[in-house]
There are 2 protein chains.
Amino acid sequence: MNQAIRANNRNDVLLDSAAELFSARGYQASTMRDIARKCGMLPGSIYYHYANKDALLVAVYAEGVRRLTERVEEAVAAHSDPWERLERMLATHIEMIIEPTAYASVIIRILPDAAPAVARELTDLRNRYELILRNLLTALPLADDVDRKLLRLLLIGAANHVQVWHRPGGESPETIAGELLRMVGHRAAAPQDGDQP
Amino acid sequence: MNQAIRANNRNDVLLDSAAELFSARGYQASTMRDIARKCGMLPGSIYYHYANKDALLVAVYAEGVRRLTERVEEAVAAHSDPWERLERMLATHIEMIIEPTAYASVIIRILPDAAPAVARELTDLRNRYELILRNLLTALPLADDVDRKLLRLLLIGAANHVQVWHRPGGESPETIAGELLRMVGHRAAAPQDGDQP
DNA sequence: TCCCTAACCAAACAATCGTTTGTTTAACGT
DNA sequence: ACGTTAAACAAACGATTGTTTGGTTAGGGA
């Protein structure tokens, strides 16, 4: 009754190709012909899987959020200390947006207004992921005068910008995340017992 | 002998229009027809002033760097304290990348690889401006174990990201720059006399 | 006043874009 | 073994893209 998905379905290859091109060249610069060529299809064949180019971008976005969320929550779950959890989140996040398998990278590089017709969907997907960071920050013991919203935006901006300047063989995501929190974190930390256990 | 520039030359209006569209919609999404319509020209007329679309982007970039450099150095010159100078630089930078008169905004939003043929020129222009921040950081008294390069990239990322999330009527650039350095700066500061004058 | 040319207009160009249409192939349930 | 249909191919569509070409207008030095 409901349509079966055949074994030789190349939807995932298609999605991979789109993600890589969107990530490397941007949305508008990646043509349907480029994507088709990359995954060994013809341009028209893409439209069997997705209604249009915008829908393809939404699919890549959704898969990116899914993978990011999965990996981040997995990395965070292993720790209980709020600062440690935040550091693991940032390290994993940075790791994923600089690797060539580029689903996560698309979410950072392609702004929602690149596809106005589906901008709202893209923003919602972004927000769903950012909620993780928001919750991690809420759990963080901070001095009263620290603007949590501003701190969050600062961290997002600094972390996402790594995608622009990082080169293969450079600092590891762990190092970057560590330095990031070493600069920001301790200063903002509320006075607590057992600071150096 | 040398060609005179007439009074009714609308090159500046053309450049303004291009800057606004590039800033608002991105490079590829802004067509020559859009730009022409915005400044009351016909599409072909643009080619009297610039050889092609890429050259137009380079011109906008150059003017953006010129304005940024001018305003920032002017704001910084009024102070002598390294931290104060850095804060003034960041505040001015943020102020210019969120205002609608969008030359500075283009430099942040449009990455050099949006126009591969002139990517090198665009990168050079960016670097020339970033040199200011680099020099301000060099003059900063910091603890020995602070990674100046990473600090610079963190600041750039956080500052530029303001363009994405800031809405009219939100926090002032001064406030944002202040909070930014309050989080980052003091922690990284080397022990110095007269910490609270 | 005259004339040169800076500064534009008007209209098309070839190329490329996202997309549609009709047809073909081959994997799967029965 | 057969018939259905998922999944693709082959080829074009109209629209839009950056750009070119030849003609027009008006500002300013002589």
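In this predicted model, B:E84 is partly exposed, with a relative accessible area of 35%. The residue sits in helix α5 of chain B, which covers residues 82-98. On the surface, B:E84 belongs to a patch of negative charge, together with B:D81, B:E87 and B:E174.

Charged side chains also pair up. Over all chains, the structure contains 24 salt bridges. One of them joins A:K38 and A:E20, whose closest N and O atoms are 3.4 Å apart. This pair links distant parts of the chain, since A:K38 is in helix α2 (residues 32-38) of chain A and A:E20 is in helix α1 (residues 11-25) of chain A, 18 residues apart. A:K38 is partly exposed at 45% relative accessibility, and A:E20 is partly exposed at 37%.

A second salt bridge connects A:E63 with A:R67, with 2.7 Å between the closest N and O atoms. These two residues are separated by about one helical turn, because they are four residues apart in helix α4 (residues 53-77) of chain A. A:E63 counts as buried because its relative accessibility is 16%, under the 20% limit. A:R67, at 26%, is partly exposed. Both A:E63 and A:R67 belong to a network of salt bridges that also includes A:R66 and A:E70.

A further salt bridge, 3.0 Å from N to O, is formed by A:E95 and A:R71. A:E95 lies in helix α5 (residues 82-98) of chain A and A:R71 in helix α4 of chain A, so the bridge ties together parts 24 residues apart in sequence.

Finally, the cysteines. There are zero disulfides over all chains. A:C39 is buried, at 7% relative accessibility, and B:C39 is buried, at 7%.

Definitions and conventions. Residues numbered from 1 in each chain as written. Chains lettered and ligands numbered in written order. Predicted model: local features only at pLDDT ≥ 70, side-chain atom pairs only at ≥ 80, totals over all residues. Heavy atoms only, no water. Patch = residues over 30% accessible without salt bridge, like charges linked within 9 Å, V, L, I, M, F, W, Y side chains within 5 Å. Areas by Shrake-Rupley, 256 points an atom, 1.4 Å probe, with all protein chains shown as cover. Salt bridge = Lys/Arg side-chain N within 4 Å of Asp/Glu carboxyl O. Lys, Arg positive; Asp, Glu negative; His and termini not counted. Charge placed at Lys NZ, Arg CZ, Asp CG, Glu CD. Buried < 20%, exposed > 50% of the residue type's maximum accessible area, 1.4 Å probe, protein only. Disulfide = S-S within 2.5 Å.
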